[in-house]
Amino acid sequence: MPEKKRILTGDRTTGKLHLGHYVGSLQSRVKLQEEYESFILLADIQALTTHFENPELLEHSIYEVAMDNLSVGLDPNKITLVQQSRIPAIGELTVFYSMLVTVNALRHNPTIKTEAANYGYSDMTYGFLGYPVSQSADITFCKANLVPVGEDQKPHMEMTRKIVRRFNELYGETLVEPDIMLSDCPRLMGLDGNAKMGKSLVNAVYLSDSADVVKTKVMSAVTDPSRIKKDDPGHPDICVVSKYHKIFNHGEYENICESCKKGAIGCVACKKALAGALNDLLEPFREKRAYYEAHRDEVRDIILTGSEKANRIGNETVKEVKEAMHIYIGD
Ligand code: TRP
């Protein structure tokens, strides 16, 4: 039987994951785990690029992000969870790759620019500017063939592919050029109407939120501002709640839009229906999560075993890379 192709993807460990992560990446991870050998990276070093001054904020996040991944249905017997800081190969490859990337290429990376603006950086650290190089090391240490990520990661994937091509051209065919797999779901807006759901934007529904919290958050979502009374005709095309129905309550979507346009369904009823649909989705995740919350040692073992496996692979890749670069004199 031919070996399965490999996936690597991951999340910064800067807090709990939310619905935007789910539709952008986690959902497809769950499907892909059947077909691919999947590595899921808990990117704790990348988390430091923005949080190095307050690392204590990240303390619980490694567990939280691991549990988020496990609770949506990633099976620890099928996937490999990897803690980035446990993989020295990633650090080593980052240094080698840094010779192949210009500062200007990094400065023009649109995702770096947007993030720097969001964080209000007037200048930025070398580590932050360079994290796409480190991300290329994340992806290539295990020679991943495919990287399922959201649209915002596209520039990093292009950089990874360029680094691989340049490396192979200079030193001989060593690394694998990965393909990007974009989610077929458009980026999820925040419930406040902000273009992006984000942890730092305080508009997120977390995968671990209780049913009541989900309901409260949905009830406070912004809707069509021109709709004052319940029977005013609504404009679902400009309403955040309707965008959520389309994704999370697809079967009812057309009906709800028609009723809204006619003023036959009010915003309160429409939001209640959405909260119900979201809670139907999240309930099985909460159950799995409760199990892992009660078995933290198991989560720890999953991370440690996964990281050991990743280390064996990463060390092998570093060896090949050093040989290719003629900086290896044998063990
Ligand atoms: N940059 C990604 C994010 O912010 C997280 C990440 C780190 C990642 N390393 C990765 C994603 C490698 C895919 C592959 O979500």
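By class, the shell around the ligand holds six nonpolar, five polar and two charged residues. Here Ala, Val, Leu, Ile, Met, Phe, Trp, Tyr, Cys and Pro count as nonpolar, Asp, Glu, Lys and Arg as charged, and the others, Gly among them, as polar. The model is predicted: local features need pLDDT of at least 70, side-chain atom pairs count only at pLDDT 80 or more, and totals for chains, interfaces and linings use all residues. Residues are numbered from 1 along each chain as its sequence is written, and side-chain values use heavy atoms, with hydrogens and water left out.

**The ligand shell**

The shell has 13 residues, and the closest are Arg-12, Gln-46, Gln-135, Asp-138 and Gln-153.

Strand 1 (6–12) gives the largest share of the shell, four residues. Strand 2 (37–43), helix 8 (131–140) and strand 4 (146–149) also give two or more residues each. Helices (H or I, at least four residues) and strands (E, at least two) are DSSP runs, numbered from the N terminus.

**Pockets and cavity**

The ligand sits in the largest pocket; that is, more than half of its atoms lie within 2 Å of the pocket's grid points. On a 1 Å grid over the protein atoms alone, a pocket is an open set of points with protein on both sides within 12 Å along at least five of seven lines. A cavity is a set where a 1.4 Å probe fits but cannot get out. Lining residues have an atom within 4 Å of a point. Grid points are joined across faces, edges and corners, and a volume is the space filled by probe spheres set on the points.

| Space | Volume | Lining by class |
|---|---|---|
| Largest pocket | about 1300 Å³ | 18 nonpolar, 20 polar, 10 charged |
| Second largest pocket | about 340 Å³ | nine nonpolar, eight polar, no charged |
| Largest cavity | about 80 Å³ | seven nonpolar, two polar, two charged |

The largest pocket is lined by 48 residues. His-21, Glu-115, Asp-152, Gln-153 and Lys-196 lie nearest its centre. Helix 1 gives the most to this lining, six residues. Other elements that give two or more include helix 2 (44–51) and helix 6 (110–118).

The second largest pocket has 17 lining residues. Thr-94, Ser-98, Tyr-126, Gly-130 and Val-133 are the closest to its centre. Helix 2, helix 4 (88–97), helix 5 (103–107), helix 7 (126–129) and helix 8 each give two or more residues to its lining.

The structure holds one cavity of 30 Å³ or more. Among its lining residues are Cys-239, Cys-257, Cys-260, Cys-267 and Cys-270. Thr-223, Asp-224 and Arg-227 also line this cavity. Helix 12 (250–262) and helix 13 (267–294) give two or more residues each. Helix 12 has the largest share, three residues.

Key: Near = heavy atom within 4 Å.
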